[in-house]
Amino acid sequence: MSPVHNRSLPRLAKAGTAVVALSLAALSACSSVGADNNGASAAKGPDAFGSTADTAQVQDGGTLTMALSAEPDMLDPTLSRSLYSRYVFSTMCEKLYDVNQDAEIVPQLATDLPKTSDGGKTVTIPLRTDAVFSDGTKMDSAAVKTTLERDLTNPQSGRVSELGPISSIETPDASTVVVHFKEPFTPFTAALADRAGMVMSPAALKKYGDNFASHPSCVGPFKFSKRVPQNSIEVVRDPNYYDADKVHLDKIVWRILSDSGIRAANLRSGDVKVADTISPQDVGELSNDPSLSILQSQSLGYQGVTFNVGNVDGVGTPPKPIDRPDAKDARVRQAFEYAIDRQGLVKAVFNNQYDVACSPISPASPYSSDAAQQCRPHDPEKAKQLLKEAGVSLPYKVTMLESNTPDSLRLAQALQSMVKDGGFDLKIQPVEYSSLLDQQDRGDFELLQLGWSGRVDPDANITPFVGTGGSLNVSGYSNPELDKLLDQARQAGDVSTRQDLYGQAVKVMSEDDPIVYLYRQRNITGVSNDVKGVQVFPDGVVRLAFAGLAK
């Protein structure tokens, strides 16, 4: 069982008005400093989020190039599913709310936290009156209504499960949005602090429709300029931005460099000034380079493996039976979990820089509990016993999709070796990241390895992925008992009640194991000292919008 840390954290007040916060001081305290297997001082260090740029120290103008570890998927807040698109969105698609480095929810395009009434079923959001989209049209309450309704009704939307049971949206004036719910929905404000809260230009939506991703238009310090598939994305300074005086750069370029070694080499040579997802293998050397700095924070998310137990016709469609033992029989999936030595995994593959994970709820979350952190022990003999009870021949063959990056493949190979002792013959099928996202959505897989960068409210880390019909439920999993618990947790405004319900939910999920959680990575970003103002917050997003080149 993983350690559970007790936190003294703010309580959620009531639906729609909550300020959700994690104690970052506590998060930092969870980290320890040690040596990696090679003796480098590369193990977990204290959180370092970066700081805002001092205008006296940065130039006005210039281009910042960042190496990106994977290609973003669609630059459409309704349809996007990848962390990497969130990096780009952070420069050109502001949200109604944002998350600060203390994981507190703060206004962005809204002017204050929302007010709730009607027993938590009505949420009123005040808006800025000076925000203009990159296409020159004005942002107002009608634009927010259009955006939320698109998020709720687009057949390919990944946001439906995040927004809850909205019954109607009113716009009493240009600077006020009133959202009505069928029942109280506590995670709403947190949902608006991510892609569901990114307001899109209605004019651009009308003009481009589902091709909005090729012509994204939001409110932000930068606006979309150019995309070369599998190569790069560019944004340029938007003169329409309401706070343009805080913007220093003329242009930001993301270059897709999926090989972590090449990212590190480009960072050292100065060809790029920022690089995300620094490999634990490279942290020690980069940390010792006086021209570079390492930013890092603990993640709110997880990495895991997902079994396809019912995704036949695509994500969000009703589950259908799959005639395969690992899809039909939970004992096979439980055996897979028993075969995994999580602590050995993070030590061998990630130099002990990451923490093991046994559930979608971070131990640092105010909604965590002993029940939420229960973990099956590493027990290969128990794994083989369960496989025999399930009536399958040993070794049991299963094919896992894996991103084709070096770190991902090292993880896959370690898993392959590990589960062999538990009676599994794990075949690895490497695929490019965007292809992996496409295959998972279509249900074209037996097992896949991917993670989730995490959100401050646990609902966004659970319900969309394992709730029946969830917009990110690529497993095709459905369990009415779990749905009931998750619904109750969404409606509860009391932290202790939600904590208890999530503990019960994790127990149900653990019995069925549609997702086997493995570890929580740290958000590790390398930054040249030639750049000031780059920040990395616990939501995993690398923030460049207000950075500048050093004088």
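**The interface of domain 1 and domain 3**

Between them, domain 1 and domain 3 bury about 1700 Å², and 48% of this area is on carbon and sulfur atoms. On the side of domain 1, the residues that lose the most area to domain 3 are Arg81, Pro280 and Ser299, which together make up 37% of what that side buries. The model is a predicted one.

The two partners belong to a chain that is divided into domain 1 (46–93 + 220–299 + 523–550), domain 2 (94–206) and domain 3 (302–520). The C-alpha centres of domain 1 and domain 3 are 30 Å apart. In terms of residues, 21 from domain 1 are in contact with 20 from domain 3.

Turning to specific interactions, the count between domain 1 and domain 3 is one salt bridge. A salt bridge joins the side chains of Arg81 and Asp441, with an N to O distance of 3.4 Å. Arg81 is also among the residues of domain 1 that lose the most area to domain 3. Across the same interface, seven residue pairs are in polar contact, both residues being at pLDDT 80 or more.

The side of domain 1 that touches domain 3 receives two or more residues from each of two elements, helix 2 (83–92) and helix 8 (280–287). By class, this side of domain 1 comprises seven nonpolar, eight polar and six charged residues.

Note on methods
Residues are numbered from 1 along each chain as its sequence is written. This is a predicted model: local features need pLDDT of at least 70, side-chain atom pairs count only at pLDDT 80 or more; totals for chains, interfaces and linings use all residues. Side-chain values use heavy atoms; hydrogens and water are left out. Domain bounds come from an automatic or database domain assignment. Contact means heavy atoms within 4.5 Å. Buried area is the accessible area (1.4 Å probe) that two parts lose on being put together, summed over both. A salt bridge is a side-chain nitrogen of Lys or Arg within 4 Å of a carboxyl oxygen of Asp or Glu. A polar contact is a pair of N or O atoms within 3.5 Å; within protein, one must be able to donate a hydrogen and the other to accept it, and residues adjacent in sequence count only if both atoms are side-chain atoms. Helices (H or I, at least four residues) and strands (E, at least two) are DSSP runs, numbered from the N terminus. Ala, Val, Leu, Ile, Met, Phe, Trp, Tyr, Cys and Pro count as nonpolar, Asp, Glu, Lys and Arg as charged, and the others, Gly among them, as polar.
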